[in-house]
Each structure stands twice: as structure tokens, then as C-alpha cells.
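These are my notebook entries on a single chain, written while I consulted the coordinates. I set down what I looked up and what I found.

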Amino acid sequence: MLAKQKDITDHQELETIRRRRRELHQIPEQALDLPKTAAYLKNELKNTSAEIIELDQAGSSFLAYFDAGQPETIAFRADMDALPVFEETGVEFKSLHEGKMHACGHDGHMSMLLGLADRIERRKDELKSNILLIFQAGEETPGGARLICDQNVFEKYNVQSVFGSHLWPMIEAGSIGVRPIEMMARSCEIRVYIHGKSAHAARYQEGIDTLEAGCRFILESIALEKGIDEKQFRILRFGKMEAGTVMNAVAAECYMEGTMRTFLDPVFDELQSGLIQIKDKLEEQMGVRIDIDFSSGYPAVINDEFLTEEILERNPAIIRLEKPEMISEDFSFYQKKVPGVFFFVGTGTGIPLHSSHFNFDEEILKSGIDLYEDLAFHPLKHALNKNRG
């Protein structure tokens, strides 16, 4: 009888998870202004005892706080924003906002955090720490996590550790993947403007060829990246180059865009200073003028080693990932504040993130909720700083 009742409860929970994910999928909103999404989430949280906390300077972001009367707090985060993508999944619950889509799984992330809220409500008397749920706008752009950190949320609620996750198409459906230390890369977008002088190709010596300078810049940047210790995860590549107006004239202007991904600050600094040295050399040798802009980007997602190893030891089914991913995530701003761990939850589909065909079976979300529940009700030895060391 008890087993049958559990089956009914599990089925009801899955149906709730599925309903929420699909309803959220239909109302995608971008960046920091997510009024429909935030209103939906707050309405779903009404049946819990969580205190809803508005944030003045973080767009539609808000907090849901379960006060267990404890001195310390553990935080969990879900991002809320969608992408400027025209959906091509063909599902019945497709986006109602043309040109916008939850193509990165944030609808799933929100559903997991709502599922955790439901489980906390059922077991709140068992909590050994307060729980702070962070519903964050602007992960894709412009970095809503930093805006939340700037409001001293972690200090106010004495947050000791933070956890988050991302749906991941390249691992088995419902599996959890993680690795200590390097998880996702620091990002920096690079824009290079090269200024020279046009001349007819037949008299190219009278010009200053920015296309040649651009090619040399790219080749030397590749050599620079290859010169870094092979043990260091890093990327330096250019994906866009524009120069010239006609086939038989020296290009007076050249514009390039690239990306740099690293984990360690010294590696980042070495690549950045190396590009500036290439710029200086080409200016001297070729007579061009080069301007380089480096974006600030997001810091690297660096999983706390103590927490991650304890999680892997406690949960043998979790996959220890061999390599980090070179894409970026603004969860890293939280890890600058407190120790944290970021996980991947497998969709098993192989459909890449940001694809107009991105989709998944909602049953995988239960794995993420199970993980969160375990972390919330059975704090890790190192989850509370007083126990660290």
C-alpha cells in the first residue's frame, strides 16, 4: 500500500514538473526584464512558506527564502531568461513569443528549483540550515548574477555555499556530471580594428595593407595560444574578419572578432599581454594602427574542490567529468562570494544548447531535484564554512 502511494506521489510530482516546464517554455523573455516569468514563478511559490524577496537593481530577479531559524544558509540558483531564437521543435507547447525561445534549458532549471521548494515545504521541520532560492534574470546577458551579488544578498542571509546546474545534452539522460576546480571557462570577447591606407593592387607598395596585417595578427595569435603549457585549458580563436571593398585594392581597414577562454588569471594575462605585443610589433613593422578592445566577460566557474570531492564520494552514481567545458556561465560570480558547485544534468539528446530544436524529456529534471534535496537536507561537511578544514 505504501509503495502504491509513493508511486502515485511520484507520478503527481512528475506531472507538476512537466506542467511547469511547459508553461514556462511558452512565455520566454530575454535579459533582465522578465515580468511574465517572474509572476508565474511567484504564483507557483504561493503554496509554500517561502518569503519572496524583491531585488531593486537586478531586473526581474527575486529570492525565495525558507527561514529554518538557523544561523547559516545554503543557496540554490536557477536562471530565468531565454534566447532570441525562432523555435523549430514542433511541440504543442512551443513558444508563444515569436522570435524568443527557451533554447538553453532555463525553463527546466526553474522547474527544478520550484520542485525543490515543494520538497522543502513538505520537510521544512527537518532543515539544518536556512535555504535561499535565487531566481536570476539575465544569465545570457548582461550577467544578472553579478547584479545580485552587488546587493550583498550573500552577506545579508549569511550564505555559506551555493549550488546550481545546467541541462547538458552530451551526457546520459538523467545523469549528473561534475568535476572539481575547472568546470566552465572565463570568457573574453576580442575586437580588433586595424587602420591603414588604400592603394591600387598594382601599386600596393604605396598603401598600408590591413588585410595582410590582419592575417599576420591571426597567425601570430594562434602561435601565441599554442605556446601556452598544454596542461592549461584555454582557447584563443578569431571567427570573424572583414576587410576591403574591391578585389584589386589594398584594404584600408580591417575588423576582426574573436574569443578568449581561460581558467587561470595568469594564463589570461599572458594571452592578453601577448596580443598587445603582437599589435605593437605589427604597428612598428607595417605602419598600421591597431586598436584592441577586450570585454570583461564572465569569470571562470571554479567548483570548490572540498565540496565537489565530498559530493562525488557521497554519490557514486554522479559522473566525474574528465574535462571542463570552454563555454561560460555567470554562476561564477556567486563562487567569487562563497564556495559553490555547478553541475550538469544530462538530457541525453545530443541536441546542442541554443539550437532552435532544443528539447528534452522532463523526467530528467527529477534527478536534479533529488540532488538539490539531498544537499538541502543533508548538508555536506564543507557546505558550512564553520566546518571547513
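Entry 1: Arg179

Does Arg179 count as buried or exposed? I looked up its relative accessibility, found 9%, and therefore record Arg179 as buried, the cut-off being under 20%. I note at the outset that the model is a predicted one.

I placed Arg179 in the loop that links β6 (176-178) to β7 (181-184). I then listed its contacts, setting aside residues up to four places away in sequence: Phe233, Asn303, Thr308, Leu321, Glu322, Lys323 and Pro324. For Leu321 I also found a polar contact, its backbone oxygen lying 3.4 Å from a polar atom of the Arg179 side chain.

Entry 2: the open sheet

I next traced the strand order of the open sheet. Eight strands take part, in the order β1-β2-β4-β3-β5-β14-β6-β13, and the pairing is mixed. Which strands stand at the edges? I found β1 (51-54) and β13 (319-320) there; each has a single partner strand, so one side of each lacks a neighbour in the sheet.

I followed β1 to its partner. β1 and β2 (residues 62-66) run antiparallel and are joined by four bridges. Within this pair, I found Ile52 opposite Ala64 of β2.

I then looked for helices packed on the sheet. Helix α2 (residues 35-44) touches β1, β2 and β4 (130-136), and its direction makes about 10° with that of β2. Helix α3 (residues 106-123) also packs on the sheet, in contact with β2, β3 (73-79), β4, β5 (159-168) and β14 (340-346). For α3 I noted an angle of about 145° between its direction and that of β3.

Entry 3: Val162

I selected Val162 in strand β5. Its relative accessible area is 0%, so I record Val162 as buried. Beyond four places in sequence, I found Val162 in contact with Ala75, Phe154, Phe331, Tyr334, Val338, Pro339, Gly340 and Val341. I also checked Leu132, which is 30 residues from Val162 in sequence; the C-alpha atoms of the two are 9.1 Å apart.

Entry 4: helix α6

I turned to helix α6 (residues 210-226). It has 17 residues and reaches 24 Å from its first C-alpha to its last, close to the 24 Å expected at 1.5 Å a residue. At its N-terminal end I found a cap: a side-chain oxygen of Asp209 lies 3.0 Å from the backbone nitrogen of Leu211.

Which residues of α6 are buried? I listed Thr210, Ala213, Gly214, Phe217, Ile218, Ser221, Leu224 and Glu225. Viewed down the axis of α6, these buried residues fall within an arc of 135°, so they line one face of the helix. On the face turned away from the buried side I found the exposed residues Leu219 and Lys226.

I then asked what covers the buried residues of α6. Included in the cover are β8 (186-195), β9 (234-243), β10 (253-262), α7 (265-286) and β11 (289-294).

Entry 5: the pairings of β8

I checked how β8 pairs with two of these strands. With β10, β8 pairs in the antiparallel sense over ten bridges; here Tyr193 has Tyr255 of β10 as its bridge partner. With β11, β8 pairs in the antiparallel sense over six bridges, and His195 has Arg289 of β11 as its bridge partner.

Entry 6: two loop residues

I looked up Phe263 in the loop between β10 and α7. With a relative accessible area of 7%, Phe263 is buried. Its contacts, not counting residues up to four places away in sequence, are Glu182, Met183, Met184, Ala185, Phe233, Ala300, Ile302, Pro324, Glu325 and Met326.

Beyond four places in sequence, Met101 touches His25, Pro28, Ala82, Leu83, Val85, Glu87, Thr89, Ser355, Ser356 and Phe358. I also looked up Glu270, 169 residues from Met101 along the chain; the C-alpha atoms of the pair are separated by 38 Å.

Technical notes:
Residues are numbered from 1 along each chain as its sequence is written. This is a predicted model: local features need pLDDT of at least 70, side-chain atom pairs count only at pLDDT 80 or more; totals for chains, interfaces and linings use all residues. Side-chain values use heavy atoms; hydrogens and water are left out. Two strands pair if DSSP finds at least two bridges between them. Contact means heavy atoms within 4.5 Å. Axes are lines fitted to C-alpha atoms, for helices over the stretch in contact, and angles run from 0 to 180 degrees between N-to-C directions. The expected span of a helix is 1.5 Å times one less than its number of residues. Buried means under 20% relative accessible area, exposed over 50%, partly exposed in between (1.4 Å probe, protein chains only). The arc is that of the directions from the helix axis to the C-beta atoms. A polar contact is a pair of N or O atoms within 3.5 Å; within protein, one must be able to donate a hydrogen and the other to accept it, and residues adjacent in sequence count only if both atoms are side-chain atoms.
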